[in-house]
Amino acid sequence: MDLSSDHVVMKLVEMGFEMLDALDAVKAVGGKSCDDAVEYILKGHHRTSGFAPASSLCSIGSNKILGKRAMPSSFSSGSKRQSSLLDHFRSVNQNKKKGNNFGIAEVDSQLETVSDPYKEQLKSFAPVFLESSCYPETELSNGCSEASSTWEKRVNSILQNRFGISSLRSFQREALSTWVAHKDCLVLAATGSGKSLCFQIPALLTGKVVVVISPLISLMHDQCLKLSRHRVSACFLGSGQLDNCIEEKAMQGMYQIIYVCPETVVRLIKPLQKLAKTHGIALFAIDEAHCVSKWGHDFRPHYRRLSVLRENFCASNLEFLEYDVPIMALTATATVHVQEDILESLHLSKETKIVLTSFFRPNLQFSVKHSRTKFASSYAKDFQNLIDLYSEKKKSTGKKLAVISRESEDQTDFGYHDAQNIHETDYDEDEEDQENSLAKKNSSNGKELSEEYLEDETDIFQSVDDWDVACGEFCAMPPCELLEIPVPSEKQKDLEGLTIIYVPTRKESVNIAKYLCGVGLKAAAYNASLPKKHLRQVHQDFHENKLQVVVATIAFGMGIDKKNVRKIIHYGWPQSLEAYYQEAGRAGRDGELAECVLYADLSRAPTLLPSRRSKEQTEQAYKMLSDCFRYGMNTSQCRAKILVEYFGEDFSSKKCNLCDVCKEGPPELVNVREEANLLFQVITAFHLQVDNDSEHAPYEDYGLGNSKQKKLSHKPNLLFFISKIREHCQKFKETDCLWWKGLARIMEAKGYIKEMDNKGRRVEIKFIQQTEKGKKQLDFEDDKPLYVYPEADMLLSLKQDRTFSGFSEWGKGWADPEIRRQRLERRERKPRSERKPRKKRTRGPSSKKLHPWRSKE
Ligand SMILES: Nc1ncnc2c1ncn2[C@@H]1O[C@H](COP(=O)(O)OP(=O)(O)OP(=O)(O)O)[C@@H](O)[C@H]1O
Ligand SMILES: [Mg+2]
């Protein structure tokens, strides 16, 4: 808007600039444009000589990629809509500021010091960690301006007035200063660290619209609701809206923040371009940006199409833009591979700044416990602490905890008649049968996975429309209404500690919720197959502290920001450490201690892979599962260290001092020299024989005489080698298979043995080959001690008091006369009508196939 010179000066003084600076600026930019004058002052050119383009202050590398990124030296185009510094100051509730705070040197030095350390890094997109932790309110470690810059002061006042927050965290300051410099940005910061503020503040600073791309309605809804309580208007647009009224209002600039799903934003490019022209778009934020990458968890194909944003909102395409509308992508769970994929897929420029903070959450206490989670009989044991915890609260308040009636009554309405009787404690063969058959189905390669089972039972690809509403609008609540929102009392807060139990399958979410309701807890199930209305209600009850426990699949995860979640229980193996850390990150968002326990069957490698994955994703899915398994098997390294290092962070000299490993210490070192030599010897002998005599019945010595077996045994698996050791070495006859599996994993990690099968479709080492390093270091005669920390499965095998007669899990139990007697007794105690019909067991060629050595037994 062009005004008379006097008017501009007056406006500038009103905005808090000094009269001299205002006069200076108006003179320099030729009067008329208030925008240009403010830009001039903020860029620090008042009462200094020259007016350097912004590129000299903040550019990193070339600015030729996608249109103009640098600020031009002329300000002739006052009508242009852009994210200029001026606009960042144009806010309705402008605080009058006094004097010379608009320090030229401060803004300059901030931008310059921010840029420098990243020059090299950005060229290659190589991330560098800036801070040791995102939580402490420390100043920037890279020597950014000691005193706050002008925009930052303005931000601080917004933070205090609107959000009740005292200051920006250093990574938030980094992200915002990048936006101030009109640059794209990838923010990688821990769960709960406050990434949302990075994209919400620009709307309040500029009065322009911020467009946030978000993956779920539930997430968009929660954020809009919160914003309305902070007096910010917002709306959300899902993919299946029938009524376009909110969308139209949004495109007319009636909300400060528009949340939109990726499916919809690509449809709205033209209207958004119009909005950019009429109202201005301050920023595109891509929240939960890991959804972009097919190498991460939560991949959402529509996220990959978001490159249209960079292409359609750059100054080279839209002549009314002075600069590209900045894009800010944010996530808490991206490995280095995923980070690169995000940058590439979104077509972010080489100038993109990577704001990388520590992924470490110092108040989360991680632990892993063994449990046969598939069996209902484990619930009582595993959830006893939880039940006691909430029961104590019940006693202390004298209130009776009612089972959520909706849960118990509506179960049948939801079609859960197939749910198992959760009170069944029998450890019966049919359960084992089912489990074994599933494990077999899922065991060795992608092809064998039961897609049908997975599709029905797991929530892998979450659809954006996870609720029964497709869009919604939230007006900024006036302060008087805000006073009516009840503030929980301290006593209430104490009672509020919530728990989320994450389970792999939908069925388990219902079973466990039912079980917990049955013992008097306020619990509810949450999975994508439940009615959307129910899911919305669970969200609401959870946020209003009406529930104690939510038992959920991954459908209840991303972005849930509730301060008092004290416990996250994973009941069953997660599919990746990213998903695990993302879900664990729901805990302790008030900064207080919170517990993250993983209950998993440590005697079995996980098998549940995502359905609907491409061939190339299958290998990655196995890799992710394998990393989870190793995390669970670990007994000697700080768990937080494993987790943050998984995301590429260097945590080498630190530990959390909270996790089970840090607290209990590693197990005693064991000298495994003899066993390692022996295993290596058997492997070597086998391969020697194969090499020497591949034509003529080479495996006779191993009991593999017939041609069918010979074909199979070209890739001998670990179990085969163990059987050989048992056959030939009396001393290790009783040594459990789990123990050998653990040892093989350790030997693989040390580089002594390796997998023969190069398909990469495995969680554990299976078909084994020696390595050169192994050949050198595992000399048969060598008796130098080889100390290792036994891993979880090895320790478990030592605790088992059952003697194992074979390798089949089923056989382990039934072959033992005592166990068999106990099981039969239990079975007899059950009324006949309740017994499940026996399944016909199929034995024969197929089992021989898997265990060829049995032909000799
Ligand atoms: N500078 C700050 N000082 C204090 N609290 C803050 C600050 N910034 C944000 N918060 C608070 O941190 C909490 C978590 O914020 P937010 O939901 O943005 O986290 P997030 O990083 O997006 O987490 P997630 O990765 O789980 O989505 C919010 O309740 C917010 O009020
Ligand atoms: Mg978030």
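The residues of the shell around ligand 1 divide into four nonpolar, eight polar and seven charged, where Ala, Val, Leu, Ile, Met, Phe, Trp, Tyr, Cys and Pro count as nonpolar, Asp, Glu, Lys and Arg as charged, and the others, Gly among them, as polar. This is a predicted model, in which local features need pLDDT of at least 70 and side-chain atom pairs count only at pLDDT 80 or more, whereas totals for chains, interfaces and linings use all residues. Residues are numbered from 1 along each chain as its sequence is written, chains are lettered from A and ligands numbered from 1 in the order in which they are written, and side-chain values use heavy atoms, with hydrogens and water left out.

In total, 19 residues surround ligand 1, each with a heavy atom within 4 Å of it, and the closest are Gly192, Lys195, Ser196, Arg586 and Arg589. Helix α10 (residues 195–206) supplies the largest share of this shell, three residues; helices (H or I, at least four residues) and strands (E, at least two) are DSSP runs, numbered from the N terminus.

Polar contacts (pairs of N or O atoms within 3.5 Å) can be followed atom by atom. A nitrogen atom of ligand 1 lies 2.9 Å from an N or O atom in the side chain of Gln172, while an oxygen atom of the ligand is 2.8 Å from a polar backbone atom of Gly192. A polar side-chain atom of Arg589 is likewise placed 2.8 Å from an oxygen atom of ligand 1.

Turning to helix α16 (residues 336–345), Val338, Gln339, Asp341, Ile342, Leu343 and Ser345 are buried, that is, under 20% relative accessible area (1.4 Å probe, protein chains only). Just after α16, His347 takes a positive phi of about 55°.

Terms used:
Polar contact = N/O pair within 3.5 Å; in protein donor to acceptor, adjacent residues only side chain to side chain. Buried < 20%, exposed > 50% of the residue type's maximum accessible area, 1.4 Å probe, protein only.
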